[in-house]
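Here's a quick tour for anyone meeting this structure for the first time. Have a look at the model below, then read on.

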Number of protein chains: 2
Amino acid sequence: MNIEGRGSTTIVRRETEYKPPRSWRTWLIGRPLPTADAPHQTIGKFIGLAVFASDALSSTAYATQEMLVILAVLGTMAYGYVFPLSLAIVILLAIVTLSYEQTIHAYPNGGGAYIVSRENLGVWPARVAGAALLTDYILTAAVSVSSGVAQIVSAYPVLFPWRVWISVGFILFIMVINLRGVKESGATFAIPIYYFIVIMYLTVGVGLFRYLTGTLGVVQNPPPIEVLHLGEGFSIFLLLRAFASGTAALTGVEAISNGIPAFKEPRSHNAGVTLIIMSTILGSLLLGISFLSAHIQAVPSEVETVISQLARTIYGERGLLYFATITATTVILILAANTSFADFPRLSAFMAKDSLMPRQMTFRGSRLVYSRGIVTLAVLASVLIIVFNASVTRLIPLYAIGVFLSFTLSQAGMAHRWWKVGHLKPGEEIQERSSTLRYDPAWRIKMFINAFGALCTGVVMIIFAVTKFADGAWIVVLVIPALVAMFTAIETHYRHVAQRLSLEHYGAPPRIARHRVILPISGVHRGTLAALRYARTLSDDITAVHVSIDPEEAEKVRRKWEVWGDGVRLVVLDSPYRLYIEPLLEYIDEVHRQRQPNEVITVVVPEFVSHHWWSGLLHARAAVTLRAALLFHKDLVITSVPYQID
Amino acid sequence: MNIEGRGSTTIVRRETEYKPPRSWRTWLIGRPLPTADAPHQTIGKFIGLAVFASDALSSTAYATQEMLVILAVLGTMAYGYVFPLSLAIVILLAIVTLSYEQTIHAYPNGGGAYIVSRENLGVWPARVAGAALLTDYILTAAVSVSSGVAQIVSAYPVLFPWRVWISVGFILFIMVINLRGVKESGATFAIPIYYFIVIMYLTVGVGLFRYLTGTLGVVQNPPPIEVLHLGEGFSIFLLLRAFASGTAALTGVEAISNGIPAFKEPRSHNAGVTLIIMSTILGSLLLGISFLSAHIQAVPSEVETVISQLARTIYGERGLLYFATITATTVILILAANTSFADFPRLSAFMAKDSLMPRQMTFRGSRLVYSRGIVTLAVLASVLIIVFNASVTRLIPLYAIGVFLSFTLSQAGMAHRWWKVGHLKPGEEIQERSSTLRYDPAWRIKMFINAFGALCTGVVMIIFAVTKFADGAWIVVLVIPALVAMFTAIETHYRHVAQRLSLEHYGAPPRIARHRVILPISGVHRGTLAALRYARTLSDDITAVHVSIDPEEAEKVRRKWEVWGDGVRLVVLDSPYRLYIEPLLEYIDEVHRQRQPNEVITVVVPEFVSHHWWSGLLHARAAVTLRAALLFHKDLVITSVPYQID
C-alpha cells in the first residue's frame with residue numbers, strides 16, 4: 001500500500017495487481033498478457049505479408065471464375081474477353097498500389113480510408129469510409145471462407161451438403177486464433193501463405209510451359225455450367241458487369257495501410273515494401289490464371305471451381321500436385337478471412353475512440369487483442385454465410401462496393417492533403433492529428449497520382465453499383481447509410497452523456513436532508529426481517545407496504561407484523577384486480593411526488609437467493625421489475641437485500 | 001384511509017383500489033374482473049357439455065382412421081376388424097364412464113386423477129398422475145388442432161404446405177379466447193359443438209339409411225394409401241396396436257371430473273349427467289363411423305381424411321352437406337384443444353398450491369383465469385406441432401398413455417376409497433381434505449366397478465406402451481418420470497425456502513452496528529457525485545474505488561477527486577491485465593472478509609440511465625455484473641444509484 005494524503009483527501013494506490021486465474025480460456029487462447037507487453041507485439045515484412053496479404057492474394061482463386069459466370073452467356077466467345085479484362089484489372093491494381101504507397105508514408109500510425117478521410121475530407125466522409133470498410137471486412141470473411149470451402153467441395157463432392165456449417169466452423173477457428181493475438185496468428189499463417197505462393201507459381205509455370213510446348217489442351221469432363229443473366233447477348237453492359245466481378249481481386253490491397261502500427265520500425269518503409277511485393281504477386285498470378293483458364297476453356301460451376309479444373313488439366317490428373325494446389329488455395333482462402341480479423345477489430349476500436357462505435361470495442365482482452373471486435377466479426381460473417389448459403393456467386397454482388405468507396409474517399413483525401421502540402425512554405429511543418437505536413441516539391445505529381453487513383457476507383461464503384469444493383473448490391477447501398485446513421489446516433493449519445501455528466505459550471509447540490517425508506521413485503525419472514533434490519537441503518541423513517549390480493553393473507557401479515565415489525569408503520573394496499581406491482585408502483589409514485597427538496601427515497605426489496613439457477617423461475621422477481629419501472633424517478637433508489645437460503 | 005394503532009405498530013389500510021388502465025389487453029381479452037366476481041363464473045349442463053366434451057367427441061374424427069393406418073397392411077381384410085375393435089373400445093368407454101361417474105359424486109370440488117390419487121394412494125402416485133395428465137393435455141391440444149387442420153387440407157389441398165402454421169395460428173386463437181375467461185369461451189363454443197353433434201348424427205343416419213337400402217357403395221377415387229409398419233402380416237400384436245390407436249377416442253372422458261367446480265350447483269349432479277350424455281354421444285358416433293368407414297372401404301391417407309371420404313360417399317358429391325360435415329369436424333377438432341385450455345391451467349394451479357409447480361401458476365390474470373397456465377400450454381402445444389410437422393399419425397403414439405395412466409391411478413384410488421368407506425360404522429363420517437367419507441351399504445359393488453375399471457385401463461396402458469414404444473411412446477415414458485422429478489425438486493425447494501424463512505424459534509439478530517460503503521467510480525462526473533451524495537446518507541465510512549487500466553486516466557481521476565471528492569478516501573487498484581470487474585470483486589471480497597460482526601457493507605454503483613433502449617449497449621453495466629457476482633455474500637448489499645441523462 002502506498003498512502004498519500006493530499007489536502008483533505010486520502011488516496012491509496014494498491015500494488016497487488018489482479019491476475020486472472022487459469023481457466024478454460026487460458027487453454028483456448030493462451031495465458032493473459034499484461035498491458036506493458038503491448039509494444040512487443042509487432043511484426044516484420046515476412047510475417048506482415050502473411051498477416052495482411054492473404055485477402056488480396058486469395059482473390060485470384062475466384063476473380064477469374066466470377067468473370068466467367070457473367071461471360072458464360074456468350075459461349076466460347078467468353079474466353080476471348082477474360083484476359084483483356086484481367087489486364088484492365090491489373091492496371092487498376094497498379095494505380096491503386098502507387099496511390100496507397102504514398103498514403104503509407106504519409107500516415108505512419110495507420111492510414112486507413114477512415115483516418116485519411118477524417119483528416120482531409122471531414123466528419124461525414126470519414127463516417128462513410130468507416131461504414132464502407134466495416135461492411136467490406138465482414139464480406140471478406142464470408143466470401144473467402146465460402147470460396148475456400150468451395151475448393152474443398154470440388155475435391156470431395158460428398159461434403160457439398162455440409163458446406164455452410166464447414167464454413168461457419170472455419171470462421172470460429174480463425175476467431176480463436178485471433179483471440180490468441182496477432183503475432184502468433186502471423187506465425188500460424190506464414191507457412192500456408194508462402195506454400196500457396198510457391199504452389200501457384202509452379203502451377204502457372206507448368207501451365208505456361210505446357211501451353212508453349214502445345215501439350216496443354218482443354219478441360220476433360222467439364223462440370224455442369226453455371227450461367228447468370230441467361231438469355232442476354234453481348235453488350236458493353238455485360239463486359240462492365242464481368243469487369244466489376246473481377247475487381248473483387250483488388251479487395252484487400254488497402255489492408256496494409258490500416259495495419260501499419262503492427263509493423264516493426266521503420267514501419268512505413270516495411271509496410272510500403274510489403275504492399276508492393278503483395279501487389280506484384282497478385283497481379284502476376286491473376287494474369288497467369290486468367291490466361292490459362294481461357295486457354296483450357298474452364299467452365300464456371302457450383303460443383304467444381306475453375307482452379308480445380310485448371311490444376312487437373314495442367315497436371316493431367318488428380319494426383320499429388322493437383323491436391324497440393326487445391327489444398328494451398330483452400331487454406332489461403334480460409335486464412336484470407338484473417339485479414340478481416342486483423343483489421344475489423346482495429347478499425348472498430350479506432351472508431352470507438354472517436355465515439356462512433358460502442359466504447360466496449362476499445363477494451364483489449366486478456367491477450368491484448370480487441371476481443372469484442374473479433375467476436376462481433378465472427379458472428380456477423382457467420383450470419384452472412386448462413387443467409388447466403390455459402391455461395392460465392394450470391395455474395396460477390398455485395399462485395400467490393402465498400403472497398404471501392406473507401407479507395408475513392410481515401411485517395412481523394414490524399415489528393416487534398418498534397419494540395420495543402422503544396423501551399424506550405426519550404427521547411428514549414430504542420431502537425432495534424434495523425435500525420436505531419438511538410439513541404440514536398442513533388443506535391444503536384446503526387447497529388448495527380450492520388451487524384452487519378454480516386455477517379456479510377458470512383459468510376460469502378462459506380463460501374464459496380466449500377467451493373468450489380470439488382471443482384472444484391474442494393475443491400476450494401478442501404479446498409480452503408482444505415483451504418484452512418486448508427487455512428488451518428490452513437491456519437492450524439494456519447495456527446496450528450498458527456499455534457500450531462502460534465503462538472504464544468506456545476507454547483508454541487510446540497511447534502512440530502514431527509515431519507516425515506518419504503519419496504520414492500522409479501523409476507524413476514526426472515527428475509528423480510530433481514531431487509532428491515534438493513535433499512536434501519538438507512539433511516540428511521542420506514543414504511544412497510546403489503547399489497548393485499550387475499551384478505552386472509554393480509555390479516556396474517558398484519559398480525560405477524562405487529563409482533564416482528566419493530567414498531568415500523570405498515571401500509572396495506574387492497575388490490576381487487578390481483579395485481580401486485582402496479583398498486584405498489586402507484587403508491588411509490590405518490591410518495592415520490594410528495595417528497596420535499598433534498599429528500600431521497602430508497603425502496604428496499606427483500607429478495608431471497610438460491611444457488612439453483614432455476615430457483616429464479618419459482619419466485620416473483622419484484623426487485624427487477626421495480627427497478628425497471630422506477631429507473632427514471634429522480635432521487636429514488638431501489639436496493640434489493642439478498643437473503644441466502646442455502 | 002383507515003388508521004389503527006395497535007400496540008406500537010401503526011397499520012394503514014388504503015381503500016383506493018388500483019384498477020389497471022385500458023390498453024391493448026383490454027381490447028384483446030376484455031375488461032379486468034375484480035376478485036369478488038369469481039363465483040359468478042360457473043356453467044350449466046348445456047354450456048358444460050360444450051366446454052368439456054369437445055375433446056372426447058372430436059376423437060371420433062381420427063380414431064377410426066388411426067386404426068386403419070395400422071390395419072392397412074392387411075389389405076381389404078382390414079375392414080373386417082374395424083367394427084369389432086370399435087365395439088371393444090366402446091365397452092371400455094362404458095366401464096370408464098361408470099367408474100368416473102362415481103368419482104364425480106365422491107369429489108364435488110373436483111376429482112381429477114391427481115386429487116383422487118393424492119387422497120387415496122399417496123404423494124408419489126399423485127405426482128405421477130399429475131405428470132400424466134399435464135402431458136396429455138398438451139398432446140390433446142396438439143393432436144386435435146393437427147387433425148382439424150388435416151380436415152381443412154382434405155377439402156382445400158392447396159393449403160397443405162401451410163398446415164403447420166395454420167395449426168399454430170389456431171392454438172393462439174384458442175389461447176386468446178381462454179384468456180377472456182371460461183364462461184365466454186363456453187358461449188363461444190356451444191354453437192359449433194351442437195352443430196357438430198347434429199351434423200354427425202345426420203351423416204351417420206343418412207349413411208345407415210343408404211346402407212340399408214343398398215345404395216351406399218364404396219369410396220370413388222380413393223386417395224393414395226398410407227401404411228405404417230409395411231411388410232408385416234396379420235398378428236395379435238397388430239390387432240392390439242390398432243386397438244391402442246383407437247383408444248385415443250377415450251381421451252377427454254376425464255375432463256369433466258377435473259372441472260366439476262366450473263359447474264352450477266348441484267355440481268356433482270350436473271357434472272355426472274353431462275358425463276353420461278357425452279359418453280353416449282361419443283360411443284354411438286364412434287360405432288357408426290367405424291361401421292360405415294369399413295363398409296365404404298375408406299382408405300387411411302395423409303392427403304384426405306376418412307371423415308372426408310365418408311362424407312362425400314354418403315352424400316354422393318362434394319356438395320353443401322359434405323362441406324357442412326367437414327366444417328363441423330374441423331371446428332370441433334380445433335375447439336377440442338379448448339378442453340385442455342380449461343383443464344391444464346386449473347390442474348397446474350392446483351399442483352402449484354401443493355408446491356409441485358411454480359407458484360406463479362396460481363396467479364389469476366385480469367380476467368380471473370390462470371393466464372400463465374394458458375400461455376404455457378399454448379407454447380408447448382405449438383412446439384409439439386412444429387416438431388411433429390402437424391402429423392396426427394406421428395403424434396398418436398405419444399398420446400393416450402398419459403390418459404390411461406391417470407385413469408388407472410384415479411380408479412385404483414377410488415377403489416381404495418370404497419374400501420375405507422366399507423370399514424366405517426353406519427352413520428360415521430370422516431372429513432378428508434377434498435371429500436367426506438360416509439358409510440355406504442353399496443360399497444362392495446362400487447369398489448368392484450372402480451377396481452375393474454382400473455384393471456381394464458391399466459392393461460390398455462401396458463398394451464399401448466408396448467405396441468407403440470418404438471413409434472414414439474418412449475418419449476412419454478421418459479417425460480413422465482422427468483416431470484415427477486421436476487415436481488419433487490420444486491416441492492423440495494419451496495419446503496426448504498419455507499424452513500429457512502420461518503420465524504419459529506427465530507431470535508431476531510441485533511441491530512446493525514456499523515455500515516461501510518464502497519463506491520466504485522470509473523471517472524469523476526455528475527453521476528459519480530450523485531452516487532456520492534446518496535452514499536453520504538448511508539454512512540460516514542465511505543471508500544471510493546477506481547480500477548486503473550490506464551495510468552493517465554487514473555491520474556486524471558485522482559486530481560478531479562481531490563477537488564470534488566468531499567474528503568472521501570479513494571483507493572486506486574492497478575489492473576495491468578485490463579480487467580475491470582475482477583480486481584473490484586477481489587477488493588470487495590477482502591473488505592467483506594475483514595468485516596466485524598454486525599457490520600453491513602453496501603456497494604453503491606453510479607449508473608446512468610437513458611430513455612433510448614439501445615443506450616444500455618453503449619455502456620458497461622457494472623451494477624448488474626457486481627450484483628450477480630456478490631449475490632451470495634452475507635451482509636453485503638449492492639445499490640445502483642441511477643442518474644438520468646435525458
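## What chain A is made of

Chain A has 22 helices and nine strands; these are DSSP runs numbered from the N terminus, with H or I and at least four residues for helices, E and at least two for strands. Its radius of gyration, taken over C-alpha atoms, is 32 Å, well over the 26 Å that the globule rule gives for 646 residues, so chain A is more spread out than a compact globule. That rule is 2.2 Å times the number of residues to the power 0.38. Along its principal axes, the C-alpha trace of chain A spans about 105 × 65 × 50 Å.

This is a predicted model, where local features need pLDDT of at least 70 and side-chain atom pairs pLDDT 80 or more, while totals for chains, interfaces and linings use all residues. Residues are numbered from 1 along each chain as its sequence is written, and chains are lettered from A and ligands numbered from 1 in the order in which they are written.

## How the copies meet

The contact (C-beta atoms, placed from the backbone, within 7 Å) takes 85 residues from chain A and 85 residues from chain B. On the chain A side, H19(A) gives the largest share, eight residues.

Technical notes. Two residues are in contact if their C-beta atoms, placed from the backbone, lie within 7 Å.
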